[in-house]
Amino acid sequence: MERLHEESFSPKFDSIRRWPYNSAIVVNGRSLRDLRALLAQRQLPSGGWAAVSASSQPALEPTALACVTLGREFPSVRDRAIQFLLSIQNANGSWPVFEGDEQEGAWTTALVLLALHDGVEAIPQRLKGFGWLVDSAGQESHWLWRWKFRTADRHVRFDPDKFGWPWIPQTNSWVVPTAFSILALDQLPCACGLDAGSSRIELGVEMLLDRACPSGGWNAGNGVVYGVPLAPHPDDTAIALLALRGRRSQDPLVQMSLDWLERVAPALSAPWSLAWSVLALAAHLRPIDSLTQSLRRLADSDQFEDISTLAVTCLALDYQRSLLELGTVL
Amino acid sequence: MSINRRDLLIGGTAVAAGASVSLPFFEPRYRVVRRPTRSRVAVLHSADYSQNLGEVLFAGLRLFSVDVRGKNVVLKPNLVDYIAGNAINTEPCLVAAAAECFRRLGAKEVAVAEGPGHQRDTQLVLTESGYAPILRDNRIRFVDLNRDELVRVTLEATYTRLKRLWLPRTVVGADFLVSMPKVKTHHWSGVTLSMKNMFGVVPGSRYGWPKNILHWSGIQESILDICATVPIKFVIADAIMAMEGNGPLNGTPRPLGKIVLADDPVAADATCARLMGLEPERVIHIREASKFLGNSSARMIDFAGEAVGSPGEPFKVVPEFEFLRRSAIP
């Protein structure tokens, strides 16, 4: 059945389907399975996925997201993806951004750890990855930079004692890599010997709360620059909220951010932001029915040149299972 | 006083050591010299975006001997984020007009390429900023530089210590790269014009959102390294509605009613700075770039179109850049 879908995929329009995976997903255009098949079809011979469909350069973000969403429905596709991920781990335990990248590691490490979470064969390499992630921190964690940000460089309002994870080493902490890292470290086995994991999670949570926009939500990394409050971004906000689920759900800032996201999400016209919003609001038990309807409409018309967007759309349309995969239990 | 062999040896060693430390400071920090003998700049008048921009622009382009026949032209606008009411981005109708002009001039293909620096959801920025329908209606291909295939490129200048950057294949392979900045003040670099606009070619997927490595490496220095490596062949600057104050996102719209065309990015930026009532030689990257990338001195520029006058009141800047304003000159 799986092979059939991989080889004979063609989008089915105006059809109503039900799939055992999630009976709530009834689509008047492409079904969730069609979207997953489209994703599977775009896998590269190496086992990875490129960032966009026109590219043949395997990248880790789409590969990790595809791995999470394809789950057990496309086992051979997923197995090839996992083998690809395991084959390009850096010597220091991290993962690069794409195949052929430098070896120092990047934000994609957290996503790969999430993608590998249920593979027994991946346990040793995951532990090495967790080790790298626990040691990785924003540059402001260094005492010298903390001192600079506290005394001489005050244009960006933040508390440098509260740091998270950077996109790449030797740069500041930012919201998205911090949120992904919290989600990944949440799955750290308790007996793995990485005692610093829980304190890093706590510090990361503090950092997220510290850098929220004053009226709720998150921009890329800071809430106030040159005295001006920055506008929140839907995707950054949603990803931060996913990481805070079950930790600070009742924090007024989190509630304010959820309210903001709930207000703006119905008007979102791009599947990437809308899909992340569905996942975040579902994780916090906010109503999402109309949002998933909107996402299905967008999914019908979108060409999905961007593979990560396709993968996240699939995740959102099957949010219950996806949140389980991401470690965010409803 | 007699000098023995021992003194001579010690003295000679000291001189050699001193020279080895200090000489690098006197060596050029660039490997290419692209400064033309003379540069050409045209300042066109356009009170607003509703006029016949295509004809204004085409007439302006004919003042230059632009030969794009059979070439792949890449237009790089300034598309950072979207905040309603803020003049952040190069106006999409100007970009569409430029695309049409280059097609009329015989370009093989015209693409618009950008890697937004703050927003991960490029599709959302395209939609909200008004780009999506204009690109679609004019059948202009858009390349998301944040997710394009990457090529490792050795930098042609050493103002930063980066040495190499991963850059998008679309930009590296372009026959004719046109920088289309929005004329704005900038709270970290003083101004953001055609050269600073090139930050957008640095891929977010590799370096994050924002591209924080460039901040850590020095903004002015990074501008110089990138512009030395990725040649800007032409500039079309949107100064119809500019921005002053706390740019690049939260400044105040400031109407100038101008479009600046140039065959030299340094000449373009120096001219734009003058139109803003700022001293170009006081902007570090313009001053430094005038040593090897182009001409900033008005004496080395052949002007066409309108005269380059200062505005009645120089553009407002954040306090750190007050020295750039003409009124600040004794």
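1. How many residues of chain A are in contact with how many residues of chain B? In this predicted model, 28 residues of chain A are in contact with 24 residues of chain B, where contact means that the C-beta atoms of two residues, placed from the backbone, lie within 7 Å. The side of chain A that touches chain B has 16 nonpolar, 9 polar and 3 charged residues.

2. Residues are numbered from 1 along each chain as its sequence is written, while chains are lettered from A and ligands numbered from 1 in the order in which they are written. Local features need a pLDDT of at least 70 and side-chain atom pairs count only at pLDDT 80 or more, whereas totals for chains, interfaces and linings use all residues.

3. On confidence, the predictor gives the complex an ipTM of 0.90 and a pTM of 0.90. Chain B averages a pLDDT of 93, with 96% of its residues scoring at least 70; pLDDT is the predictor's confidence in each residue, from 0 to 100.

4. Helix H13 of chain A (residues 289-301) has 13 residues and should span 18 Å at 1.5 Å a residue, which agrees with the 19 Å between its end C-alpha atoms; the expected span is 1.5 Å times one less than the number of residues. Helices here are DSSP runs of H or I with at least four residues, numbered from the N terminus.

5. Among the buried residues of H13(A) are A:Leu291, A:Leu295 and A:Leu298, buried meaning that 20 or more other C-beta atoms, placed from the backbone, lie within 10 Å of the residue's own. The buried residues of H13(A) pack against helices H2 (32-41), H12 (271-283) and H14 (307-317) of chain A.

Conventions:
Helix = DSSP H or I, 4+ residues; strand = E, 2+ residues; numbered from the N terminus. Buried ≥ 20, exposed ≤ 12 C-beta atoms within 10 Å, placed from the backbone. Nonpolar A, V, L, I, M, F, W, Y, C, P; charged D, E, K, R; others polar.
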